[in-house]
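Trainee: Could you take me through this one? I would like to begin with contacts.
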Amino acid sequence: MSWLWAIVVGLILGVLARGLLPGRQNIPLWLTVICGMLGALGGNALARAAGVDETSGIDWWRHAFQLAGAIVVVALITPLWAKMRGTKRYRERA
């Protein structure tokens with residue numbers, strides 16, 4: 001069941017990250033989910049390092065770190081995906 005929650009959280013964080021970033025991110029949905037999952041893992045690590053990973057009630061700081069991590073991952077992966085796929089925008093001129 002934990003994998004199902006990881007996929008759902010990854011989907012939500014990835015879609016939110018894509019929506020908050022300016023411009024268009026031409027990455028597929030499965031890559032969006034993976035970016036969201038990686039952002040959640042990184043955000044959890046940062047929250048743990050900051051000492052705000054476990055609070056009473058809703059862990060707003062942890063969620064903010066997760067979303068920030070997802071935004072960073074999507075922002076880094078999008079140009080790499082475009083370059084790998086050979087999109088004109090990132091194609092090097094000969």
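Trainee: Which residues does Gly39 touch, not counting residues up to four places away in sequence?

Mentor: Gly39 touches Phe65, Gln66, Gly69, Ala70 and Val73, where contact means heavy atoms within 4.5 Å. This is a predicted model, in which local features need pLDDT of at least 70, side-chain atom pairs count only at pLDDT 80 or more, and totals for chains, interfaces and linings use all residues. Residues are numbered from 1 along each chain as its sequence is written, and side-chain values use heavy atoms, leaving out hydrogens and water.

Trainee: Is Gly39 buried or exposed?

Mentor: Gly39 is buried, at 1% relative accessibility; buried means under 20% relative accessible area, exposed over 50%, and partly exposed in between (1.4 Å probe, protein chains only).

Trainee: New topic. How many aromatic pairs does the structure hold?

Mentor: The structure holds one aromatic pair. Rings of Phe, Tyr and Trp (its six-membered ring) pair if their centres lie within 6.5 Å; planes under 30 degrees apart count as stacked, over 60 as edge-to-face and the rest as tilted. The ring centres of Trp30 and Trp81 are 5.7 Å apart and the planes stand at 80°, so this pair is edge-to-face.

Trainee: Which helices does the pair link?

Mentor: Trp30 lies in helix H2 (residues 29–50) and Trp81 in helix H3 (residues 60–85), 51 residues apart. Helices (H or I, at least four residues) and strands (E, at least two) are DSSP runs, numbered from the N terminus.

Trainee: And what does Ile27 touch, not counting residues up to four places away in sequence?

Mentor: Ile27 touches Arg18, Thr32, Val74, Thr78 and Trp81.
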